[in-house]
Amino acid sequence: MSFDTVAHNRSRQQFNGVSSVWLFGYGSLIYKVDFPFLERRPATIEDWARRFWQGSHDHRGTPEAPGRVVTLVSQPGATCKGMAYRVSPDVFEHLDVREKNGYLRFSTTMTFDDGSNAEGLVYIATEDNAAFLGPASTLDIASQIARSSGPSGPNSEYLLKLADALRTLGDHDPHVFELESHLR
Ligand code: BEZ
């Protein structure tokens, strides 16, 4: 699969007649909200774990020296905490471009803090995308993050902002917090 997923995403879901869509954010969408939304609620999704396994050539690194950003990996029994946004479908025109480096939109069920559920979408970079880097030790990942920087700024800023945002949500993600402590 090519790096640029904009056209692919536009063909994946049709929003005809739909006035709003729930979008689950687990990475930069939690703290970088550069899109309008109708409603925002903390939420979780089941059987997915957040991992710094996706390469970033366009935001937090360069093609020659990619940084690392989060994607979700299938892990039965895991829970991933994030923020859900109810958005107008036209918001995806912006987000598909912002998240074009390997992320595809998938359907998911999200659970809000009051126990209610909604169906919605989530961006996931699967292991068959060209920018996927995969697992490494947390020391190696933290070291790559420490030396990487791209058009959106230092990769370390991405990790630290995400860790802060997760603390604010009351989440404890051992993978993210271990990387944060290596970096600090
Ligand atoms: C997220 O926060 O959900 C997200 C951010 C960037 C790419 C994919 C997902």
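A salt bridge is taken here as a side-chain nitrogen of Lys or Arg within 4 Å of a carboxyl oxygen of Asp or Glu. The model is a predicted one, in which local features need pLDDT of at least 70 and side-chain atom pairs count only at pLDDT 80 or more, while totals for chains, interfaces and linings use all residues. Residues are numbered from 1 along each chain as its sequence is written, and side-chain values use heavy atoms, with hydrogens and water left out.

**Exercise 1. Which residues are linked with Arg-167 and Glu-180 in a network of salt bridges, and where do Arg-167 and Glu-180 lie?**

Step 1. The count by the rule above comes to 10 salt bridges, and the network joins Asp-164, Arg-167, Glu-180 and Arg-184.

Step 2. Because Arg-167 belongs to helix α5 and Glu-180 to helix α6, the pair ties together parts that are 13 residues apart in sequence; helices (H or I, at least four residues) and strands (E, at least two) are DSSP runs, numbered from the N terminus.

Step 3. For accessibility, buried means under 20% relative accessible area, exposed over 50%, and partly exposed in between, with a 1.4 Å probe and protein chains only. Glu-180, at 6%, is therefore buried, whereas Arg-167, at 39%, is partly exposed.

**Exercise 2. Which parts of the chain does the salt bridge between Glu-157 and Arg-60 link?**

Step 1. The N to O distance in the salt bridge of Glu-157 and Arg-60 is 2.8 Å.

Step 2. Glu-157 sits in helix α5 and Arg-60 in the loop between β2 and β3, so that distant parts of the chain, 97 residues apart, are linked.

Step 3. Arg-60 has a relative accessible area of 7% and is buried, while Glu-157, at 30%, is partly exposed.

**Exercise 3. Which residues of helix α4 are buried, and which are exposed?**

Step 1. In α4, which spans residues 138-147, the buried residues are Thr-138, Ile-141, Ala-142, Gln-144 and Ile-145. These residues lie on the same side of α4 because they cover an arc of only 160 degrees around the axis, the arc being that of the directions from the helix axis to the C-beta atoms.

Step 2. The buried residues of α4 pack against β2, β3, α5 (155-168) and α6, where contact means heavy atoms within 4.5 Å. Ala-142, with 5% relative accessibility, is one of the buried residues; leaving aside its neighbours within four places in sequence, Ala-142 is in contact with Leu-179, His-182 and Leu-183.

Step 3. Ala-142 and Arg-68 are 74 residues apart along the chain, yet their C-alpha atoms are separated by 9.0 Å.

**Exercise 4. Which residues lie nearest the centre of the largest pocket, and how does its lining divide?**

Step 1. On a 1 Å grid over the protein atoms alone, a pocket is an open set of points where a 1.4 Å probe fits, with protein on both sides within 12 Å along at least five of seven lines, and lining residues have an atom within 4 Å of a point.

Step 2. The 13 lining residues of the largest pocket include Ala-49, Arg-51, Thr-79, Asp-173 and Pro-174, which lie nearest its centre.

Step 3. β2 (39-56), β3 (67-87) and α6 (174-183) each supply at least two residues of this lining.
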